[in-house]
Amino acid sequence: MAVPRSADFVVIGSGIVGSLVARKLAQAGAEVLILEAGPRVTRGEIVARFRNSPRRSDWMSAYPPAPWAPHPIYKPTDNNYLLQAGPYAYAAEYIRQVGGTSWHWAAHAWRNVPNDFKIRTLYGVGVDWPIDYEDLEPFYQEAEEIMGVSGAPNTGSPRKKPFPMDPVAEPYAMRRIRERLASAYTVVTNTTARNSRSYDGRPACCGNNSCQPICPIDAQYHGGLAAQAAEAAGADLFPNANVYKLEHDERGRIAAALYYDPDKNSHRVTGNTFIVAANGIESPRLLLLSASDTFPRGLANSSDMVGRNLMDHPSTSLTFDADEDMWLGRGPQSPSSINSMRDGPFRSEHAPYRLDFTNISRIDGTTRELISQGIYGSEFEKRLRHSAARELNVKNVLEVLPDPNHRIALGDEKDAMGIPKPQTHYSIDGYTRKGHERSKEDFRRIAELLGGSNLRFSREGDFANNQHICGTLSMGHDPRASVCDQWARTHDHENLYLAGTGVLPTCGTCNSTENAVAVALRTAEHILSEYGVRGMRPSGRDGT
Amino acid sequence: MSAPSHSHAFSRRSFLMTVALGYLTGVAPRVSAQTFANANLDDFIQISRLITGRGTLPASQASRLFNAMMQDDAQLSSKVQALLRLIEERKLGIERLQQSLDEDGNALSEVPQKIATAWFLGVVGEAETARCLEYERALNAVIVADVLMPPTYAYGPYGSWARKPT
């Protein structure tokens, strides 16, 4: 099927956010075309790739990039796609294929806590959002009902309706952690898009412990399912269409998307309304690539904020041996956490954080470690079983504040298609580092309560990345300090909307996906109310 | 240590005896490439038993791993033989093997780690040439199979992971 040359709505990117916007528009009867840079890949193919991977702890090994739509790969060698300007390396991972990066996630589907929306007002740090919790609450619920979300009721995010299902069964190890920490901490079941019962044609979790890189039975929601749902609603989705430029007309409206097919033939698609949903790095890259004589800094960039305020969730951690057998690896990978440090007056001084307990099997990592130490024979078996049974890990999920110096820019090098690569400028500031220091007190206390020995803190100065790319397309009221308005419409282009985690102006302490989906569903509702299903404002309302 | 379960009854020792007997009698035996291969595989299994601490190793798995490693290193057999000789000469226990090789800067020091990687992880080769030959039957899965499933395999019906592992 040839790609249509025109559509009322053109969505660029088929990840969970772009696909769910497309789905909502298509369900309303709109004509929607989704252009996806990467290929279609099936769940079965990904499961096979994982099982056959020589690097099973490298979850990206199940997602090799297509030559015509590269994404960052670091092992076994860095493919040098995401250029690093420093001073601190931002080794982001994301996936360019139909369904995008949430093929590969822990399905954490958190809401912000209400105060996350106004940290400038309350704590004098960061920025306030142009909307508040109440504005987003119905769209959180909508997202949760689409994705099949469950969780504990006491995580600081009030709700008007119940979760669509009960929390997922607690793994034995998490129960023991909860019971042993009860005197000092409330350990709760995480809020996740993982089925605790059959839901929307998908089965309940079977505890396969491979949520990352792939749930083998679709018990957890992901972008591949969102893309399927968009198509089922009537959207046309075309893979292998790498959009490299947006064109505008003389009025500054977006007129067309130009894309390369895998043979680098260029194609042009026109539309009434365009929605860029290509992720927190690729979306700002596309806007910057689309610079013209009229918009020399790129599209939507009169504020010079496109690509800036890059945020993620850095993590440090403690690994230790408990004094009883826990056997991590049975059940879902990331089931429980402590939420008591997500908000409070301390936010004026240091980063808030969640504390996450892993339930990822220790087998692959311990095996590699023992072999590297030259441990063989019966001693290998003894130590492997010990680590498998006793080893625990707790990490923080730290907030990062927006800083215009942290950004995505265009690099000097070009990718295989001859398109400038993205380049990151990033560092870890004092606010986040102080949060890390504070969390070490919790790490020690947790280890103590679990009879911990052999304590191994992550190396000082090392912050693991969580791939929650935020801020690079920030929404805000002030066109001089933000890229888009509260509806995620760009300040500069009347028919250009943005969708994805990049729109979020702060990152809080929760995984960014549900926030991005909720904001995008609100965007879709706004588009339909303002523009109708044709994606065109009624005459006289378009500012002309 | 119990006898290996593999089907290769033709040991290195019997191979050498056959060759020696042939020379003593002046009648050169008809030694096929397969015979050499079997002898080399026996050496590989012998060192593998030491490294894995397992008295029995599946023959088909051994053959697959050995052949894959030979593709990467045609000298593997001679290295394995040299390693076996070294272990015997120095009376090296497996617990000191790697340390001893590393301290000596011995050229054989990479051999035990490669064999361990093949058996415990099911992986042969390095970096871009690494490939997975075993997953469910890799020994790191077998060692904990009474409690843990390899990731992507189910624990049973919903919630079965909530029970205390026994």
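Two strands pair if DSSP finds at least two bridges between them. Helices (H or I, at least four residues) and strands (E, at least two) are themselves DSSP runs, numbered from the N terminus. Keep both in mind for the close-ups below.

This is a predicted model, where local features need pLDDT of at least 70 and side-chain atom pairs count only at pLDDT 80 or more, while totals for chains, interfaces and linings use all residues. Residues are numbered from 1 along each chain as its sequence is written, and chains are lettered from A and ligands numbered from 1 in the order in which they are written.

**View 1. Strand β8(A) and its partners.**
Let's start with β8(A), which is joined to β16(A) by 3 bridges, the two strands running parallel. Look for Phe274(A), which sits opposite Leu496(A) in β16(A). β8(A) also pairs with β1(A), again in the parallel sense, over 6 bridges; here Ser6(A) faces Thr270(A) in β8(A). In general, strands of a sheet pair through backbone hydrogen bonds, either parallel or antiparallel.

**View 2. The hairpin of β7(A) and β8(A).**
Here's the antiparallel case: strand β7 (residues 254-260) of chain A is joined to β8(A) by 5 bridges. Tyr259(A) has His267(A) as its bridge partner in β8(A). The two strands make a hairpin with 5 residues between them. Check out Lys264(A) in the turn, with its positive phi of about 65°.

**View 3. A three-stranded open sheet in chain A.**
Follow the order β3-β14-β13 (chain A) and you have an open sheet of 3 strands with mixed pairing. β3 (83-87) and β13 of chain A are at the edges with a single partner strand each, so one side of each has no neighbour in the sheet. Neighbouring strands of this sheet are turned by 30° against each other on average, direction ignored. β3(A) and β14(A) run parallel, joined by 4 bridges, and Pro87(A) is found opposite Tyr426(A) in β14(A). Helix α7(A) packs on the sheet, touching β13 and β14 of chain A, and its direction makes about 65° with that of β13(A). (Axes are lines fitted to C-alpha atoms, for helices over the stretch in contact, and angles run from 0 to 180 degrees between N-to-C directions.)

Why is helix α7 (residues 282-289) of chain A called largely enclosed by the rest of the structure? Because 7 of its 8 residues are buried (20 or more other C-beta atoms within 10 Å of a residue's own; 12 or fewer is exposed, in between is partly exposed, and C-beta atoms are placed from the backbone). Among them are Pro284(A), Arg285(A) and Leu286(A). The strands that the buried residues of α7(A) pack against include β6 (242-248) and β8 (266-276) of chain A.

**View 4. Where chain A meets chain B.**
Here 38 residues of chain A are in contact with 39 residues of chain B (contact means C-beta atoms, placed from the backbone, within 7 Å). On the chain A side, α2 (43-51), α8 (363-372) and α9 (377-390) each supply at least two residues. The largest share, 8 residues, comes from α9(A). By type, this side has 18 nonpolar, 14 polar and 6 charged residues (Ala, Val, Leu, Ile, Met, Phe, Trp, Tyr, Cys and Pro count as nonpolar, Asp, Glu, Lys and Arg as charged, and the others, Gly among them, as polar).

Conventions. Contact = placed C-beta atoms within 7 Å.
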